[in-house]
Amino acid sequence: MRKTLTAAALAVLAGTGAVTAVPAPAQADPPPPRSGPAYRPTRPTVAPPAMPTALSGSTWSSGHVQGLAVDWVGGYAYWSFTNLLVKTNIQTGQVVGTVTGLTGHLGDLDINPDNGLIYGSLEYKTRQAFYIAVFDGTRITRTGMNAETDGVMTTVYLPEVAADYTTGRYGTSGIDGISFGPRLGTTGTAQRNMLIVAYGITPDATRTDNDHQVLLTYDIRGWDAYARPLTQTAPHLSGPPHPADKVFIHTGNTTWGVQSLEYDRHNRLWLMAAYQGTKPQFPNWTLFAVSADVAPQTRPLAGQPAGTTGRTVPLAPAGTTDPATGIRGWTAPGSVGLETLGDGRIYVVASGTTTVNETTQQTGTASLHQWTGGTPVPFAQVTPLRGKRR
């Protein structure tokens, strides 16, 4: 186990290729990139009042639902089903199109407010290849569109993740949760939309180095230079050499890390939903929050080799406080998807199964809630008005 921010250049293998990743100081911003051709003014970040109280992702022969992104400007919802992306009409529930052919793990989703594109975490662990997949929803017009050949998806490689995964640092098992929002600690005119990517963390109760959540911050304004179509049999290595920031949050170990990451603009909270951990010394909450206004500070990292430091932020003063550890959080749903609407409303996704022709198939549904901040669950379900279908 090497110490963070002090490792020499690492050779990161992916498929038959290789790339040398040289970690830079996590607190340093990259040079300001030019705006790519897809860059457009910021879209509305508050949903209209008349949003459906329930959404359906339909039924699929696939992996289970992993995340939801709602485009209330266009009127569509995008669902990740592990190896399948589904586009539905948010008012009728009709399936508009699908993206198939993915052989990796497609995780959490979010829409970039600056360009309307859909971003998702995509990983190929056997090739030590980790990507952000970028989907153009306007091109998803029918079912069965192919991720490699139909021009709907490009990918950007993340060498920082590959370096931590191949060396085993922090219990890194890949990536999952992603969301757009301000860099931690920025306020006022300094704010702009950054892409935050959360590590998956191995649920190993015998380790002491896997008790933090790890968030990478990326300024994606120059990512058009890195984006490539993905050939899954020969993964490319085109991506930013390092993130703009790398932040650690001590939560205790969770099962596979932050599954769903979501920025709540109304409350200025970063929400981290996870599968429950198993270490008995921790409260094992399933939802945590971090204030967007608190700037990270470089401190020693508990559980890491002596002298290891990292940029850390505390958990927000919200939820239930565990008296033994001081760790705050909730036992709440949301690990398979959260989507905030900018005004205190939030969709909470649920995974399910059904049997069709004696075959088990996966379902995904989302119900509208209102943030309350209460315990043990910080949101309450919104019920439809009498006589209304939705």
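This is a predicted model: local features need pLDDT of at least 70, side-chain atom pairs count only at pLDDT 80 or more; totals for chains, interfaces and linings use all residues.
Me: What volume does the largest cavity have?
Reply: About 260 Å³. It is lined by 19 residues. Those closest to its centre are Trp72, Asp110, Ile111, Pro113 and Arg265.

Me: Which strands each supply at least two residues of that lining?
Reply: These are β4 (67-71), β8 (105-111), β13 (172-181), β17 (255-264) and β24 (338-340).

Me: OK, sheets now. You listed β13 for the cavity lining. In what order do the strands of its open sheet come?
Reply: The order is β13-β14-β15-β16-β21-β20. That makes six strands, with mixed pairing.

Me: Which strands are at the edges?
Reply: β13 and β20 (297-300). Each of them pairs on one side only.

Me: How far are neighbouring strands of this sheet turned against each other?
Reply: By 40° on average, with direction ignored.

Me: What holds strands together in a sheet?
Reply: Strands pair through backbone hydrogen bonds, either parallel or antiparallel.

Me: So which way do β13 and β14 run, parallel or antiparallel?
Reply: Antiparallel, and seven bridges join them. Strand β14 covers residues 194-201. Gly181 has Met194 as its bridge partner in β14. Gly174 is partnered by Gly200 there.

Me: What about the other neighbour, β15? How many bridges join β14 to it?
Reply: Four, and this pair is antiparallel too. Strand β15 spans residues 212-218. Leu216 of β15 is the bridge partner of Val197.

Me: Is β14 buried or exposed?
Reply: Buried. Eight of its eight residues are buried, so β14 is largely enclosed by the rest of the structure.

Me: New topic: Asp245. Where is it found?
Reply: In strand β16, residues 245-250.

Me: Why do you call Asp245 buried?
Reply: Because its relative accessible area is 0%, and buried means under 20%.

Me: What does its side chain make a polar contact with?
Reply: The side chain of Arg311. The distance is 2.7 Å.

Terms used:
Residues are numbered from 1 along each chain as its sequence is written. Side-chain values use heavy atoms; hydrogens and water are left out. On a 1 Å grid over the protein atoms alone, a cavity is a set of points where a 1.4 Å probe fits but cannot get out, and a pocket is an open set with protein on both sides within 12 Å along at least five of seven lines; lining residues have an atom within 4 Å of a point. Grid points are joined across faces, edges and corners, and a volume is the space filled by probe spheres set on the points. Buried means under 20% relative accessible area, exposed over 50%, partly exposed in between (1.4 Å probe, protein chains only). A polar contact is a pair of N or O atoms within 3.5 Å; within protein, one must be able to donate a hydrogen and the other to accept it, and residues adjacent in sequence count only if both atoms are side-chain atoms. Two strands pair if DSSP finds at least two bridges between them. Axes are lines fitted to C-alpha atoms, for helices over the stretch in contact, and angles run from 0 to 180 degrees between N-to-C directions.
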